[in-house]
Structures are given as structure tokens and as C-alpha cells.
Amino acid sequence: MKKIEAIFKPFKLDEVREALSEIGVSGLTVTEVKGFGRQKGHTELYRGAEYVVDFLPKVKVEVVVADKMLDAAIDAMVKAARTGKIGDGKIFVSDVSQVIRIRTGETDEAAV
């Protein structure tokens, strides 16, 4: 099993959720986060004063999938989250050694 962590622009969340649902991903976790990459934030003007916005709002989606679904899930997320502009985000993939559903005690792929 693999854990996919994707960080992308907040307005793309519904599209990513729908794309994952279409391929059969049944659950995900969403966290509102702030950060920056190469874009290093930006400056804004507010009431005549200029200030630097170092951390930009992003959304982090975490999902655990079976190994056979990994490529389809990544493709769906990339297509749904891409705008073609700087700051589209990143996807990180890591191994998951064990999953346990607390309510039923199911383990591993049955618990996903």
C-alpha cells in the first residue's frame, strides 16, 4: 500500500476529490496548510501599505491506496490539480506498512 500526500491550490480541491472518486478511491483526508516553494510568496497592497505574504494558502490531501491503484490515483490528481502556472503543488508517495480500521479491526487493504 502507498500513501499519497498532495499539496496544491485550494480552489482545485473539488476537482481532485471528484477525480479520485471516479477511479474508486473511497476516502481521503484534507488539511488546510500554508507554505511556499520556488515562488517564495508575493507582495500585496493593503490600505496603501505593501506587505509580503511569505506563506501561501494550500490544501494537503492524504490518501492511502493499494499498490495497483497508485498510478491511476497519481494521474487523476495531477490532471485535476494542474493549472499550468507556478505554485501548482507537489505529490509525495510513501510506503504504508500497516492499516487498521478501528471500528471493525480490519487490517491492510480491507481497511483502506
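Which are Lys9 and Asp88, buried or exposed?

Analyst: Lys9 and Asp88 are both buried, where buried means under 20% relative accessible area, exposed over 50%, and partly exposed in between, with a 1.4 Å probe and protein chains only. The model is predicted, so local features need pLDDT of at least 70 and side-chain atom pairs count only at pLDDT 80 or more, while totals for chains, interfaces and linings use all residues. Residues are numbered from 1 along each chain as its sequence is written, and side-chain values use heavy atoms, with hydrogens and water left out.

The two side chains meet in a salt bridge, with 4.0 Å from N to O. Lys9 sits in the loop between strand 1 and helix 1 (13-22), Asp88 in the loop between helix 2 (70-81) and strand 6, and the pair links distant parts of the chain, 79 residues apart. A salt bridge here is a side-chain nitrogen of Lys or Arg within 4 Å of a carboxyl oxygen of Asp or Glu. Helices (H or I, at least four residues) and strands (E, at least two) are DSSP runs, numbered from the N terminus. Side chains of opposite charge can pair when their charged atoms come close.

By this rule there are seven salt bridges. One of them joins Lys2 and Asp95, whose closest N and O atoms are 2.2 Å apart. Lys2 belongs to strand 1 (residues 2-8) and Asp95 to strand 6 (residues 89-95), so this pair ties together parts that are 93 residues apart in sequence. Asp95 has 61% relative accessibility and therefore counts as exposed. Another salt bridge is between Asp14 and Arg17, at 3.9 Å from N to O. These two residues both lie in helix 1, three residues apart, which is about one turn of the helix. Asp14 counts as partly exposed because its relative accessibility is 48%, and Arg17 counts as partly exposed because its value is 42%.

Lys12 is also in the loop between strand 1 and helix 1. Its relative accessibility is 10%, so Lys12 counts as buried. Apart from neighbours within four places in sequence, Lys12 is in contact (heavy atoms within 4.5 Å) with Ala80, Ala81, Arg82 and Thr83.

For the chain as a whole, there are two helices and six strands, in the order β-α-β-β-β-β-α-β from the N terminus on. The radius of gyration is 17 Å, well over the 13 Å that the globule rule gives for 112 residues, so the chain is more spread out than a compact globule. That radius is taken over C-alpha atoms, and the globule rule is 2.2 Å times the number of residues to the power 0.38. Along the principal axes, the C-alpha atoms fill a box of roughly 60 × 25 × 20 Å. Buried residues account for 29% of the 112 residues. Of the contacts between residues at least 6 apart in sequence, 71% join residues at least 24 apart.
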